[in-house]
Amino acid sequence: MAKITPKENFLKLAGGGHPEYVPYYTFMGTEGTKEIAIKNVGAAVYPFGVRADDGSFTDMWGVPYKTTEETANAGMPEPGRFILEDVTKWGDIIKRPEPDNLDFEAMLKASMERTGIDRSVTAMSTGFGFQPFQTLMAFMGHTEGLIAMHEEPEAVKELLEYLLETYEPYAEKICEVFQPDVWNLGDDTCTERDPFFSVEMYKEFFKPIYTRLAAPALKRGLPVIFHICGRIEPFIDDMLDFGVKYVEPAQETNDIMALKEKYKGRLSYIGGYDWGKHVPPNYPNFDEEWIRQDVRDAIDRYSPGGAYGFLAWPISYLGDEAIEEVKKIIWDEAVDYGKKVYGYPVD
């Protein structure tokens with residue numbers, strides 16, 4: 001039996017499939033792993049923004065982002081500096097930037113060189129960083145943004161259409177030139193306990209956008225991988241309608257095993273290891289074997305029947321010297337143990 005490549009194994013996972021071993025989803029630079037199943041090769045149509053020496057930056061729409069030690073330098077829209085106060089006045093504030101680069105072949109070449117992807121063993125994902133709900137919240141803040149969806153729905157829809165029209169014209173060309181294995185979309189529309197809004201509002205405001213962004217993939221029979229944090233169950237039926245075959249990170253606030261049974265043969269879940277639920281006792285002191293066993297326990301819990309890939313992204317405060325070693329242990333154990341649980345001769 002020929003050894004399956006990480007790419008082939010990951011693609012077998014799509015839509016509730018049963019891979020030959022539990023794949024590790026490389027995410028946010030987790031390339032200290034022993035193999036890379038999938039890598040995102042971005043299409044840089046628009047400029048990202050301007051970054052200052054202190055790590056803060058302004059995105060392509062003019063939203064100021066702030067980094068902090070507590071977020072380990074991850075950028076968040078700066079509190080108290082939201083750029084849109086009245087959604088009915090969005091046309092005066094929100095201005096579409098000019099594209100950076102419309103030479104898609106050159107864009108692909110540059111992205112391939114930057115990522116160093118080997119497509120013979122690693123699947124390529126491509127898509128958009130545009131997340132309509134998160135973009136609206138970045139413009140207005142969650143309080144005002146959610147109120148606007150209730151009080152001024154038509155203005156919100158007009159704004160979202162304008163944003164979509166910024167990206168949509170390039171979707172078909174990117175898919176045609178990049179020829180990815182997986183189409184990558186996402187939007188964080190849920191909290192740990194529940195979505196930010198009802199299923200009815202999901203259908204009204206956001207499902208049409210995701211459907212249009214997914215269209216080039218569906219046309220080519222490509223699986224869609226969708227990034228969505230929090231408790232996602234209320235939205236899954238609609239996500240399946242626009243071609244979603246993988247969700248990540250499948251956080252443990254969801255009953256992953258119940259979802260696997262409910263959507264058997266239709267959807268796969270990548271995650272099952274929320275760092276906040278797995279911090280070792282007495283951290284930053286830790287027992288390496290405790291972590292390894294904890295990883296094995298998570299894989300044993302969620303892997304039966306397939307439809308599961310492992311994902312962990314431990315994050316801590318700046319200056320935490322232990323976290324990098326913890327990451328390496330988790331990734332190492334997840335890759336090694338993931339190859340043992342189904343009994344296929346993959347080594």
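**Charged pairs, strands and a buried leucine**

Me: Let's start with E288: buried, exposed or partly exposed?
Reply: E288 is partly exposed, with a relative accessibility of 36%. The words go by relative accessible area: buried is under 20%, exposed is over 50%, and partly exposed is in between (1.4 Å probe, protein chains only).

Me: Before I go on, where do these numbers come from?
Reply: This is a predicted model, where local features need pLDDT of at least 70 and side-chain atom pairs count only at pLDDT 80 or more, while totals for chains, interfaces and linings use all residues. Residues are numbered from 1 along each chain as its sequence is written, and side-chain values use heavy atoms, with hydrogens and water left out.

Me: OK, back to E288. Which side chain does it meet in a salt bridge?
Reply: The partner is R292, with N and O 2.9 Å apart. To count as a salt bridge, a side-chain nitrogen of Lys or Arg has to be within 4 Å of a carboxyl oxygen of Asp or Glu.

Me: And why can opposite charges pair up at all?
Reply: Side chains of opposite charge can pair because their charged atoms can come close.

Me: Is R292 buried or exposed?
Reply: R292 counts as buried, at 15% relative accessibility. It also belongs to a salt-bridge network that links E288, E289, R292, R296, D332 and E333.

Me: How many salt bridges are there?
Reply: The count by this rule is 26. One of them is in helix α6 (residues 153–178), where E176 and K173 are three residues apart, about one turn of the helix. Their closest N and O atoms are 3.7 Å apart. E176 is partly exposed at 40%, and K173 is partly exposed at 31%.

Me: Switching topic. What order do the strands of the open sheet have?
Reply: Seven strands pair in parallel, in the order β1-β6-β7-β8-β9-β10-β11. Two strands count as paired if DSSP finds at least two bridges between them. β1 (38–40) and β11 (308–310) are at the edges with a single partner strand each, so one side of each has no neighbour in the sheet.

Me: What's the twist from one strand to the next?
Reply: It averages 25°. For that, axes are lines fitted to C-alpha atoms (for helices, over the stretch in contact), and angles run from 0 to 180 degrees between N-to-C directions.

Me: How many bridges join β7 and β8?
Reply: Four, between β7 (residues 182–186) and β8 (residues 224–227), which run parallel. In β8, F226 is the bridge partner of L185.

Me: What about β8 and β9?
Reply: They run parallel too, joined by four bridges. H227 has E248 in β9 as its bridge partner.

Me: Is β9 mostly covered or open?
Reply: β9 (residues 244–250) is mostly covered, with six of its seven residues buried. On to its pairing with β10 (residues 268–271): that is parallel, over three bridges. Y246 pairs with S268 there.

Me: Now L136. Where is it, and is it buried or exposed?
Reply: L136 is in helix α4 (residues 132–140), and at 0% relative accessibility it counts as buried. Leaving out residues up to four places away in sequence, L136 touches G141, G145, M149, V156 and L159. Touching means contact, with heavy atoms within 4.5 Å.

Me: Last one: how many helices and strands are in the chain?
Reply: There are 11 helices and 11 strands. Of the 347 residues, 53% are buried.

Definitions and conventions:
Helix = DSSP H or I, 4+ residues; strand = E, 2+ residues; numbered from the N terminus.
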